[in-house]
Amino acid sequence: MNPTENDKTTNSRAKTALKILKICGLILLVGLLAALIVNSLLCVFADHYYPTFGEYRFFSVVTDSMEPEINAGDMIVGRVPTGEDEIEIGTVITYELTQGNSVTLITHRVTAINVRADGTAYYTTRGDNAPAADAARPTFSDVVGIYTGEKCGFFGYFFGFLQSAEGAIALIIVALIIALTWIIVHFVNLVKMWRNIALGALKKSGSILSGTQIDELGTIADVIGIVSKDPVDRKDMKRKDKKLRWFIKTGALPKRPYHDDLDDDLARSGEVDHNGTLRLVRKGDDIAAVSDERPVDNVASSEIVRERSEVVSYIYSCEAKLIRLKPQAKEWYSELKNRLLSISGMRSRMSGRYETFSYGRGAAARISVRGRTLCLFLASDPSKYDGTKYAVKAVNLSTPCLYRIGSARRLKYACDLIDDLMTSLGAERSVGYEPKDFYMPYEGVVSLMQRGLVKRNVSSKEKIYRIEEITHAVDETAEGNAERATTRSDRKTVNEGSDFV
């Protein structure tokens, strides 16, 4: 192993170790933050809960009543009491003092032990810096910790704050800020990585173009197509990242089906066309193209190139079509909707293709747009209107009666059809219904796409050509033509299908 390989191995190990350290640090940070949040929530919502680790508990002291041994702001370590014989005169205990609905912890020294008539022992306590003994007389059941003599200075205030409701809220906010920051940083790093890879691929394309060959143009076109489209998700970014890294390393894209270079969400229509052979004749430094029918000799090389065309279309939802109607048609839509909703028990729901109006368990009417025309579909029998002024059309829907509204007079007829439907359903007008303005202002395609009301669809089709480079110019003389006519039957026919990759 040479020194260069040793350096690469050392750098790889260092990067792996650094990555492991980062992951371990992240796990520790998340675990610590989760433990603090759980501890704070238990202190707030669980009665008589105190942070316990084995047989030890931590308590925060916020007063100076025990100075100089315990200062204000210290966090002391207490032992969970197991029996009354552990408490003697001079022992520093932490006990609960209940006042109404609140519980306060007191850390003071035992100055006397007394026994009641029923045999229950109770303690007289006093702070070392207090002028008098405590009024409260705790019993053993009130004691939650016995001071071990160990303490952590300056952590008492912080630890006490974390055990309060404000501390729990603060911890949750900190956790949310950390999570949001991590998401933003991760997203920014992904964007930077994608830009660096795309820039490297474009630089590689530029270096190839400086001495380009005809068979490399297709690869460069594919790379530009990949770079020009931003990844739609993390999976798409990984797929494109792998391709571009391979291109930067080798100058070629991975050998995959061509349609794999398209985005996953593109609609793939059509099949590969076999579009014949495009022959190139070299005349000195110039290259001229000849048709497939012209005979050629001395085929030096044969390559396949692909030509792709894309058609972009936009799929409009029913709401988007209504938004882009003419102002007069929007007024008609508002009147129709009010007419339908004024029926007692009628409900409306907007879907991708229709706005459906339901009465009972079934659809009574639908409103949609076909082309630029407002259309009303009713759950009526179209045959009952044959030979009438209502030029309805039968369609294959649960609301089979289609009526197109293109004028104010046809709007009036549509209202008559709705009234007829209401009569057949046995419905009544809703008492006190107030008409609303359902007019929807016009919006552009970009705004509608941002709202998810318009979807962009890209269909793609590719054509494949075989390019054969000729080593010399074709002889255009009559003699040359005669010679070619003689040898044409002896030349083997090229099988185009066997050359596809």
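Colleague: What makes strand 13 and strand 14 a pair?

Modeller: This is a predicted model, to begin with. In it, 5 bridges join strand 13 (residues 355-359) to strand 14 (residues 362-370). Pairing needs at least two bridges, so the two strands qualify. They run antiparallel. Phe357 stands opposite Ala365 in strand 14.

Colleague: What joins strand 17 to strand 15?

Modeller: 5 bridges join strand 15 (residues 373-378) to strand 17, again antiparallel. Leu378 stands opposite Cys401 in strand 17.

Colleague: Why is Lys393 called partly exposed?

Modeller: Its relative accessible area is 48%. Buried is under 20% and exposed is over 50%. The value for Lys393 falls in between, so the residue counts as partly exposed.

Colleague: Which residues gather with Lys393 in a patch of positive charge?

Modeller: Lys321, Arg353, Arg370 and Arg404 gather with Lys393 in that surface patch. Patch residues need over 30% relative accessible area. Lys393, at 48%, passes that test.

Colleague: What leaves one side of strand 1 and strand 6 without a neighbour in the other sheet?

Modeller: That open sheet has 7 strands in the order 1-2-3-7-4-5-6, with antiparallel pairing. Strand 1 (52-53) and strand 6 (121-126) stand at its edges with a single partner strand each, so one side of each has no neighbour in the sheet. Within this sheet, 8 bridges join strand 4 (residues 92-99) to strand 5 (residues 102-115). Leu97 has Thr104 in strand 5 as its bridge partner.

Colleague: Why is the contact between Arg109 and Glu69 called a salt bridge?

Modeller: The closest N and O atoms are 2.5 Å apart. The cut-off is within 4 Å, so the pair qualifies. Arg109 is in strand 5 and Glu69 in the loop between strand 2 (56-60) and strand 3 (75-79), 40 residues apart. Glu69 is partly exposed, at 33%.

Colleague: How many salt bridges does the whole structure have?

Modeller: The search finds 10. One of them joins Arg451 and Glu319, at 3.4 Å from N to O. Arg451 lies in the loop between helix 9 (445-450) and strand 18 (454-470), and Glu319 in helix 6 (residues 318-323), so the pair ties together parts 132 residues apart in sequence.

Colleague: What does the salt bridge between Arg339 and Asp419 tie together?

Modeller: Its N to O value is 2.6 Å. Arg339 lies in helix 7 (residues 327-341) and Asp419 in helix 8 (residues 408-425), so parts 80 residues apart in sequence are tied together.

Colleague: Why is Asp419 called partly exposed?

Modeller: Asp419 has a relative accessible area of 21%. Buried requires under 20%, so Asp419 counts as partly exposed.

How values were computed: Residues are numbered from 1 along each chain as its sequence is written. This is a predicted model: local features need pLDDT of at least 70, side-chain atom pairs count only at pLDDT 80 or more; totals for chains, interfaces and linings use all residues. Side-chain values use heavy atoms; hydrogens and water are left out. Patches are made of residues with over 30% relative accessible area and no salt bridge: like charges are joined within 9 Å, nonpolar side chains (Val, Leu, Ile, Met, Phe, Trp, Tyr) within 5 Å. Accessible areas come from the Shrake-Rupley method with a 1.4 Å probe; for residues, only the protein chains shown count as cover. A salt bridge is a side-chain nitrogen of Lys or Arg within 4 Å of a carboxyl oxygen of Asp or Glu. Lys and Arg count as positive and Asp and Glu as negative; His and the chain ends are not counted. The place of a charge is taken as NZ of Lys, CZ of Arg, CG of Asp or CD of Glu. Buried means under 20% relative accessible area, exposed over 50%, partly exposed in between (1.4 Å probe, protein chains only). Helices (H or I, at least four residues) and strands (E, at least two) are DSSP runs, numbered from the N terminus.
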